[in-house]
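User: I'm opening this one for the first time. Could you walk me through it in plain words?

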Amino acid sequence: CITLTLMTFSYTCSLTNMGCIVLLLHDIADPFLELAKMCQYTRQYITGHASFGIFGILFVGSRMAVYPVLSVYPTLTQTWGLAVDLKHEEVYYVLNVSLVGLLILDALWSALIIRIFVRRVVTGTLKDERSDDEQE
């Protein structure tokens, strides 16, 4: 919901550069997650574990290191003057609340992914906790 609001808002307010950066940084890791899932389903575990590792590094790196530097910090510090000049202060608030909300969600998801990595290293298993058993 936050991402959809942010993308729509950036388009309607002619802030497509910000929307493109957010979209790029949040979708860059997705192909590796899909590859890892396909490898798990086809029992190619080594390739699956490697692609999940790449996914995790890209996910945490792009969302917890690059996204705050390229998106959150510049909009918090540099857009207030523009919003005041254009007499649209609400744009500043909606944009920044959405970006910070997305950063909080990214932090939660990153913590879950790191927990899966730790479990893989400690126990040697890589299992999706969200999946339900077919028998239930």
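**A first look around**

Analyst: Arg-63 is buried, with a relative accessible area of 12%. Buried means under 20%, exposed over 50% and partly exposed in between, with a 1.4 Å probe and protein chains only. The model is predicted, so local features need pLDDT of at least 70 and side-chain atom pairs need 80 or more, while totals for chains, interfaces and linings use all residues. Numbering runs from 1 along each chain as its sequence is written, and side-chain values use heavy atoms, without hydrogens or water.

User: Got it. Which residue forms a salt bridge with Arg-63?

Analyst: That would be Asp-106, and the closest N and O atoms of the pair are 3.3 Å apart. A salt bridge here is a side-chain nitrogen of Lys or Arg within 4 Å of a carboxyl oxygen of Asp or Glu. In general, side chains of opposite charge can pair when their charged atoms come close.

User: And where do Asp-106 and Arg-63 sit?

Analyst: Asp-106 belongs to helix α6 and Arg-63 to helix α4, so their pairing ties together parts that are 43 residues apart in sequence. Helices are DSSP runs (H or I, at least four residues), numbered from the N terminus.

User: Is Asp-106 buried or exposed?

Analyst: Asp-106 counts as buried, at 1% relative accessibility.

User: OK, new topic. Which residues make up the largest nonpolar core?

Analyst: There are 12 of them: Leu-6, Phe-9, Met-18, Val-22, Leu-25, Tyr-67, Val-72, Val-91, Leu-95, Leu-99, Leu-102 and Leu-103. Two or more residues come from each of α1 (2-12), α2 (16-27), α4 (45-78) and α6. The biggest share is from α6, with 5 residues. A nonpolar core is a set of buried Ala, Val, Leu, Ile, Met, Phe, Trp, Tyr and Cys residues joined through side-chain atoms within 4.5 Å.

User: What does Leu-102 touch, apart from its neighbours within four places in sequence?

Analyst: Leu-102 is in contact with Ile-2, Thr-3, Leu-6, Val-22, His-26 and Tyr-67. Contact means heavy atoms within 4.5 Å. There is also a second, separate core of 7 residues, with Ala-29, Ala-36, Phe-52 and Phe-55 among them.

User: Which residues does Ser-71 touch?

Analyst: Not counting residues up to four places away in sequence, Ser-71 touches Met-18, Ile-21, Val-22 and Leu-99. Ser-71 lies in helix α4 and is buried, at 0% relative accessibility.

User: What polar contact does the side chain of Asn-96 make?

Analyst: The side chain of Asn-96 pairs with that of Thr-75 in a polar contact of 2.9 Å. That term means N or O atoms within 3.5 Å, one able to donate a hydrogen and the other to accept it; residues adjacent in sequence count only if both atoms are side-chain atoms. Asn-96 is in helix α6 and counts as buried at 5% relative accessibility.

User: Let's go to the surface. Which residues form the nonpolar patch there?

Analyst: Leu-76, Val-100, Ile-104, Leu-105, Leu-108, Trp-109 and Leu-112 form it, with about 600 Å² of accessible area together. Areas come from the Shrake-Rupley method with a 1.4 Å probe. Patch residues have over 30% relative accessible area and no salt bridge; nonpolar side chains (Val, Leu, Ile, Met, Phe, Trp, Tyr) are joined within 5 Å, like charges within 9 Å.

User: Which helix gives the most to the patch?

Analyst: Helix α6 (residues 89-123) does, with 6 residues. Leu-108 is found in that helix and is exposed, at 53% relative accessible area.

User: Last one: what about the loops? Where is Arg-43?

Analyst: Arg-43 lies in the loop between α3 (30-41) and α4. Its phi is near 65 degrees, a positive value in a residue other than glycine. Arg-43 is exposed, with a relative accessible area of 64%. Another loop residue is His-88, between α5 (80-85) and α6, and it is partly exposed at 38%.
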